[in-house]
Amino acid sequence: MIRRALPLFAAIALWPLAVQADCSSMPGSQIALFSGNYDPDVLVWDSRHRLLAYATDSYQVAKLLLPHAILARAGTTAVVTSCHRNAIHQKYRPAPSDVVGVRMTSGEYRGRNGWVMVEDVHVTGQRATHRHHP
Amino acid sequence: MQAFRGLIRGAGALTATAILAFGLFIAVNSTLATRAATSAAFERERGIQNAQLALSELLKLQVDEETAVRGFTITRENIFLEPYYAASVQFAPHDRDLSNVLADERMTEAQAALHELEQAHDEWHQLVAEPLIARPSTRYAIDLAKRGKALIDAERNDAAEIQMLLTQRDDQMRRQTQDEINRTGYSRAGWLVAFGLIALLFNAYQSRLTRELEQERTTTETLQRAFQSEFESIPHTDIGSAYISATRHVAIGGDVFDLYRMTDRLALMLIADVSGKGVDAAVITAFIKFTIRGIALRRNDPAEILAEFNTAFQRAVLNPDLFVSMLVGVLDVENRTLTYASGGHDSVYLRRANGGVESLPVTGPILGVMEQPFTDRVVQLEPGDLLLLATDGLAESRDRKGQQLNEPGVLSWLAQADGGAQQIVDGLVARVRQRTHNQLGDDLALLAIRIERDGVPLD
């Protein structure tokens with residue numbers, strides 16, 4: 001019975017790795033946060049699901065969710081803690097986007113965890129680069 | 001193919017021309033319709049591209065506004081707000097242009113996205129930009145910045161959605177235009193092939209028709225030789241003749257003359273005019289010529305010859321509309337006498353050597369109408385006298401005003417004519433051509449016989 005259940009246990013144990021396979025950001029990577037959008041500051045969300053709702057719902061929904069986000073200044077450094085591949089499906093984009101879990105390592109929110117969109121994540125290598133938005 | 005031949009043969013070149021004209025009309029109409037459709041498609045494509053430009057302008061203005069407010073909140077210097085106010089003024093016209101195109105194209109989804117973009121933009125102005133400009137150091141600045149970020153993201157998302165829909169519509173328009181061009185190309189090629197085939201078939205039929213006409217012409221020329229009016233040389237006479245058909249390209253018609261020697265001293269002369277003209281009438285003239293010659297082998301009396309011919313003609317020719325005027329004469333060159341019978345043929349003239357001119361009266365009815373007796377008349381001829389056997393194409397020749405020459409005119413012309421028999425005939429023909437401007441209304445046959453003095457030419 002245990003022998004038969006071993007593959008199932010193995011699959012469950014390896015699932016987190018499986019969802020991270022081929023994700024754009026590897027856990028442990030040092031990154032800097034800044035948005036390619038006109039406003040370079042980055043909204044960091046306390047929940048992956050709120051991030052998904054913010055990215056895919058209307059502004060009316062986004063407005064209600066805003067208290068659950070912090071606005072990190074452009075250039076805030078962070079470390080990737082997890083990555084979910086193809087999690088966001090926006091109707092006007094041809095391909096889905098990844099969502100990335102981060103722990104901020106600089107700025108006023110240093111030490112806090114949160115979730116950002118992969119477009120706001122820029123890998124800096126072993127050491128995070130501290131960049132400040134004017 | 002058989003049906004096509006029947007169609008072409010039945011209605012002739014008119015049908016073929018109508019088919020080609022119809023085809024041409026279809027081709028031109030199709031081209032014009034395609035041109036209009038393509039032009040409309042290009043116009044719509046231009047509208048879509050203008051909408052994309054307007055959307056780009058809106059985004060650019062949004063950047064200017066956002067950057068200006070950000071600069072102001074950091075520096076507190078009013079100069080940073082100039083782009084903000086400038087962009088605010090320019091936003092509405094571009095928004096209106098974009099809105100008009102979306103409405104024209106009935107892009108309801110994009111219209112909804114634009115409406116949300118406008119709402120987000122207004123909200124950003126009222127709830128983010130204006131409060132920050134009024135109080136840059138407010139304690140709510142962080143909240144305003146978050147809301148601003150969310151609104152900018154919302155505008156970007158709406159703009160991205162509009163852009164995607166415009167791009168889709170643009171692609172769709174291009175595909176439609178390309179399809180229209182392709183369809184027109186194939187259609188035009190099809191028409192070209194169809195018309196080419198029609199032209200080839202028509203050309204083939206024309207070639208065949210030309211060959212048939214050539215064969216008919218060869219046959220006609222052979223028949224013409226059989227039907228041709230002719231004369232043999234007769235002692236003590238000078239003879240000239242002419243034959244002109246009123247039917248173009250055909251040297252035969254409904255008139256006929258004949259002159260041949262019966263014996264050393266007797267010659268049979270004949271002139272006849274069949275009602276109608278062309279090949280049908282020519283067939284009757286051949287019948288006349290050879291029948292009269294056959295009868296003349298047994299009879300020397302012109303009245304009897306005409307009477308027998310009249311009977312034969314009415315039995316052989318069943319068409320009640322066909323009749324013949326004819327003069328048959330027997331010329332005795334030794335006694336210089338002409339014995340003739342005329343079945344309604346009043347175009348035979350005698351010009352005396354002394355210059356007097358007269359026409360020889362008819363002696364019986366037209367042939368083919370009724371069986372009545374004919375009588376002979378004997379005319380004593382003298383050396384120098386000239387007999388002119390003509391058909392009504394001479395007396396009935398019309399000038400430009402439609403006036404006929406009539407008998408007095410013929411007598412006048414004959415009195416003025418000089419030279420040998422052939423010269424006189426040629427002169428008369430020339431005057432007829434001149435009078436009618438070469439547009440003869442009827443066939444014309446002329447046979448002139450001038451009596452010589454015991455074998456001595458007069459001229």
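**Note on a predicted two-chain model**

1. In the largest nonpolar core, which has 66 residues, those that touch the most other members are B:Leu306, B:Leu389, B:Leu446 and B:Ala448. A nonpolar core here is a set of buried Ala, Val, Leu, Ile, Met, Phe, Trp, Tyr and Cys residues joined through C-beta atoms within 7 Å; a residue is buried if 20 or more other C-beta atoms lie within 10 Å of its own, exposed if 12 or fewer, and partly exposed in between, with C-beta atoms placed from the backbone. A second, separate core of 61 residues includes A:Ala32, A:Val44 and A:Val102 together with B:Leu114.

2. This is a predicted model, in which local features need pLDDT of at least 70 and side-chain atom pairs count only at pLDDT 80 or more, while totals for chains, interfaces and linings use all residues. Residues are numbered from 1 along each chain as its sequence is written, and chains are lettered from A and ligands numbered from 1 in the order in which they are written.

3. For B:Leu446, one of the core residues named above, the contacts beyond its neighbours within four places in sequence are B:Ser241, B:Ala242, B:Leu388, B:Ala390, B:Leu394, B:Val425, B:Leu428 and B:Val429. Two residues are in contact if their C-beta atoms, placed from the backbone, lie within 7 Å.

4. Chain A has 134 residues, of which 31% count as buried, and its secondary structure comes to 3 helices and 7 strands. Read from the N terminus on, the elements of chain A follow the order α-β-β-α-α-β-β-β-β-β; helices (H or I, at least four residues) and strands (E, at least two) are DSSP runs, numbered from the N terminus. Among the contacts in chain A with a separation of 6 or more, 69% are between residues 24 or more positions apart.

5. Chain B has 459 residues, of which 33% count as buried, and its secondary structure comes to 10 helices and 11 strands. Among the contacts in chain B with a separation of 6 or more, 71% are between residues 24 or more positions apart.

6. Where the two chains meet, 15 residues from chain A and 21 residues from chain B take part in the contact. On the side of chain A that touches chain B, helix H3 (59-65) and strand S3 (69-72) each supply at least two residues, and the largest share, 3 residues, comes from H3(A). By class, this side of chain A has 9 nonpolar, 2 polar and 4 charged residues, where Ala, Val, Leu, Ile, Met, Phe, Trp, Tyr, Cys and Pro count as nonpolar, Asp, Glu, Lys and Arg as charged, and the others, Gly among them, as polar.

7. Within chain B, helix H3 (residues 82-104) and helix H4 (residues 108-134) pack at an angle of about 160 degrees, with their axes 9 Å apart; axes are lines fitted to C-alpha atoms, for helices over the stretch in contact, and angles run from 0 to 180 degrees between N-to-C directions. H3(B) and H4(B) are therefore roughly antiparallel to each other, a term that applies to angles over 145 degrees. The contact draws on B:Asp95, B:Leu98, B:Ser99, B:Leu102 and B:Ala103 of H3(B), and on B:Ala110, B:Gln111, B:Leu114 and B:Glu118 of H4(B). These residues divide into 5 nonpolar, 2 polar and 2 charged. B:Leu114 of H4(B) is also included in the second core.

8. B:Arg106, in the loop between H3 and H4 of chain B, has a phi of about 55 degrees, and B:Arg106 is exposed, with 8 other C-beta atoms within 10 Å. B:His236, in the loop between strand S1 (230-231) and strand S2 (237-244) of chain B, has a phi near 60 degrees, and B:His236 is partly exposed, with 18 other C-beta atoms within 10 Å.

9. B:Arg76 is placed in the loop between helix H2 (13-75) and H3 of chain B, and counts as exposed because it has 10 C-beta neighbours inside 10 Å. The C-alpha atoms of B:Arg76 and B:Ser137 are separated by 9.3 Å, although the two residues are 61 residues apart along the chain.

10. B:Glu371 lies in the loop between strand S8 (357-359) and strand S9 (377-380) of chain B, and counts as exposed because it has 11 C-beta neighbours inside 10 Å. Leaving aside neighbours within four places in sequence, B:Glu371 is in contact with B:Asn310 and B:Thr311; B:Glu371 and B:Asn310 are 61 residues apart in sequence and 6.9 Å apart, C-alpha to C-alpha.

Methods: Angles under 35 degrees count as roughly parallel, over 145 as roughly antiparallel, 65 to 115 as roughly perpendicular and the rest as oblique.
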